[in-house]
Amino acid sequence: MASILVLFAHPALEKSRVHRRLLDAAAGLPGVYVHDLYEAYPDFDIDVRREQELLLTHPVILLQYPLYWYSTPAILKQWQDLVLEHGWAYGRAGTRLRGKRLQVVTSAGGGAQAYQPGGFNAHPVTDFLFPVEQTARLCGMEWLPPYVVLGSHRMELPEIDAAAAAYRRHLEQLRDTLPVPAEAP
Amino acid sequence: MIIGPFGLHLVGQEGADVMHVAEFGVVMMLFLVGLELEPALLWRLRAPILGLGGLQVVGTAAVLGGIALLLGLPFPAAVAVGLTLSMSSTAIVLQMLGEKGLMKTAAGQSSFAVLLFQDLAVIPMLALFPLLAPAGAVAVAEHGSWADGLPAWGKTLVVLGAVAGVVALGRFAVRPALRAVARTGLRELFTAAALLLVIGIALLMQSVGLSPALGTFLAGVVLADSEYRHELEADIEPFKGLLLGLFFIAVGASIDFRLIAERPGTIVGLVGLVLVAKLLVLAALARVFRLSTDQGLLLAFALPQVGEFAFVLLAFAASLGVLGVEVTGPLVAVTALSMAVTPLLMVAYERLIAPRVIAGRGEERAADAIDDQAGVIICGFGRFGNTVGRLLRANGHPAVVLDNDSDRVELLRRMGLKVFYGDATRLDLLTAAGAHQARVIILALDSPEKNLELARLVQQHFPHLTVLARATDRPDTYELMDLGLTHIYRDTLDTSLRVGVDALRLLGMRAYAAHRAAQVFRKYDEAALTELAATRRDRSAYISLARDRIAALEALLQSDRGEFSDGQDRGWDPEGVREESRAGGLRPS
Ligand SMILES: Cc1cc2nc3c(=O)[nH]c(=O)nc-3n(C[C@H](O)[C@H](O)[C@H](O)COP(=O)(O)O)c2cc1C
């Protein structure tokens, strides 16, 4: 049983430079299960039960996507709206995700200078991830510091390959430092 | 040009007798009927053809032959009369059932099977008749054929030989000839060749003393599975209406009013007798073959007339001396009259019989009065309509359904659906189904012509209804568009696109990319459709002809080659931004 669930969303992977390589680095890593949302649901008809089942069986959940308009690609929004049901993910009876850890893995075209006060985007990139962060908190999940590849517009292939290798090490580390899951009471 | 001299020749040779005009109409008609009969179709229907068809011919021949015996005819003559009268009219019945959209019902399929068997049974009958001829009787040479001098068994051999000859000729000579003609690419030449073929075979058969109708029918069957079938059909199609008209006129003309005037009671009595006897035999067989009551009755009411082959058989029997003119004369009149009353019988069935039989089975019929305000009417609950209906029903919008397959109607009624039996193009039925109160009507009939007719009817009488129409082909889509309809659904478009999407995925394309590609393609295709709809008038008037369909496909494929997906989904393409960003930043200067 894999311990890390990567929910991956990229609408045009055939045009991707960064995520295609990040994905290759993650794929096949023991203990990591990659779930490609656009591939599974090209018509956005998300299988809510299956998604919830996947969430339940993985202690660590990664949302991996390119930053689009300071937000997630459309299918991730659809996924949140449908899968994180009231009474399941949040609300008085909604405790199923409690204690899980959530991390955003994203890439942004803009570089570090752009994502700072006074820069092109005026805020650090994490500010733009706040809606996801608050979603995780509402569901009682632990918010891990986002893993962000900045400045992808200006990255050349060797840099991207280096970023992919770093991502692989990051995943291994995350997997290996997992707390031993508490026995069910 | 070619028909002229040949036609005149035909008529001239045999005397300008109306019966021969009739025969020529039948000749052409049967060629077309033969073309419809692919050997594969024959095989699929073999059980009903042999069983139902065989018993119908044998049963009817026995009953009517028995009556003929009682009326004082000698045994061989009675056999000939029985067999002759067991025929029904392929031309009339197929045309009628097709027009009413009933071919796919159980009764329609059974009718087809019976007619087919009869058509085939003519061959052995023609072979049998010479054996029935009284020994030593001098055959009256009607066609002046050289075979007349032969003894009975010799004639039988000649008949069989001629049949084999036509089959062999069709296979080994006609096809290569047609191929050569087709290669010239001249449409007129092909049409001429098709007509020449029909007339040539007619003459050939005549020269051996056989029915030209039978010969061309055979030629049709032989060519039915050839690659030129649609081409031949398409070329002869324009003549079809004309020929059918000619055929029906000929039937009317063959009625010898002097004869009827002389013995009106006898003739009318005979017509009644024949119709009732055939109807009863058919109804009984329908029982045996487990058709539901109303389908069985439909079969019985569709087929009781005597068919066009009877003209041929009677003429043949007369020429052999099996039957005298005092018998064939009245029987020709009976045959023609029985054909003439067929449409009336169908009306009687539709208006009087069917409503009773079908109402008798369901729950109380009064409940059909418009109780709740159904918002939607579905016309046709076959493969297409039923999916639509189920979706609506599952979402709380049960539709009122109109369907003309009584077996299906019965089932749907049992499932608690509101279903009206009958031809959806009937105004009274639409009104009864609540067309005045409904908001939406879905035209899902199998036949494009029927859907079109229905669309016109609805526009005329219920203009408040939003029409959603099923279309099968581009040509009928165009016609629906011409009516100003905007909700038109080509019934295989979505399925083919889905197949395409799955194929693209299997070839390695990303699921979402394939999905988008299909969405884009569909939009493009709809646009191309509208465009082609506007230009099609410049081309040939016969848009439904096979050759034009190919031309249309060619135009379509050519326009596809343009990069129509250019400019699609550019939002996901980061290249432009990347360049700008590397060149100094995105800030507007
Ligand atoms: C539709 C779209 C919206 C984007 N919005 C942003 C954005 O808001 N901020 C940003 O820094 N980069 C933005 N980008 C750049 C992408 O984040 C960048 O191209 C991507 O992370 C590169 O990964 P890839 O090669 O896997 O596609 C956008 C790109 C696209 C196509």
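Good morning. Over all chains, this structure holds 22 salt bridges, a salt bridge being a side-chain nitrogen of Lys or Arg within 4 Å of a carboxyl oxygen of Asp or Glu. The model is predicted, so to speak of local features we need pLDDT of at least 70, while side-chain atom pairs count only at pLDDT 80 or more and totals for chains, interfaces and linings use all residues. Residues are numbered from 1 along each chain as its sequence is written, chains are lettered from A and ligands numbered from 1 in the order in which they are written, and side-chain values use heavy atoms, with hydrogens and water left out.

I turn to the interface. Between chain B and chain A the count is three salt bridges. One pair joins Asp36(A) and Arg510(B) at 2.4 Å, N to O. This pair crosses between chains, from strand E2 (residues 32-36) of chain A to the loop between helix H22 (493-506) and helix H23 (511-535) of chain B. Helices (H or I, at least four residues) and strands (E, at least two) are DSSP runs, numbered from the N terminus. Arg510(B) also meets Glu39(A) in a salt bridge, at 3.6 Å, N to O.

The contact, meaning heavy atoms within 4.5 Å, takes 20 residues from chain B and 21 residues from chain A. About 1,800 Å² is buried between the two chains, and carbon and sulfur atoms give 52% of that area.

Next, helix packing within chain B. Helix H20 (residues 448-461) and helix H21 (residues 474-482) of chain B cross at roughly 5 degrees, and their axes come within 10 Å. H20(B) is therefore roughly parallel to H21(B); angles under 35 degrees count as roughly parallel, over 145 as roughly antiparallel, 65 to 115 as roughly perpendicular and the rest as oblique. Axes are lines fitted to C-alpha atoms, for helices over the stretch in contact, and angles run from 0 to 180 degrees between N-to-C directions.

In the second pair, helix H5 (residues 75-86) and helix H7 (residues 106-132) of chain B pack at about 165 degrees, with axes 11 Å apart. H5(B) and H7(B) are therefore roughly antiparallel. Residues making the contact include Leu83(B) of H5(B) and Phe129(B) of H7(B).

Notes: Buried area = accessible area lost by both parts, 1.4 Å probe.
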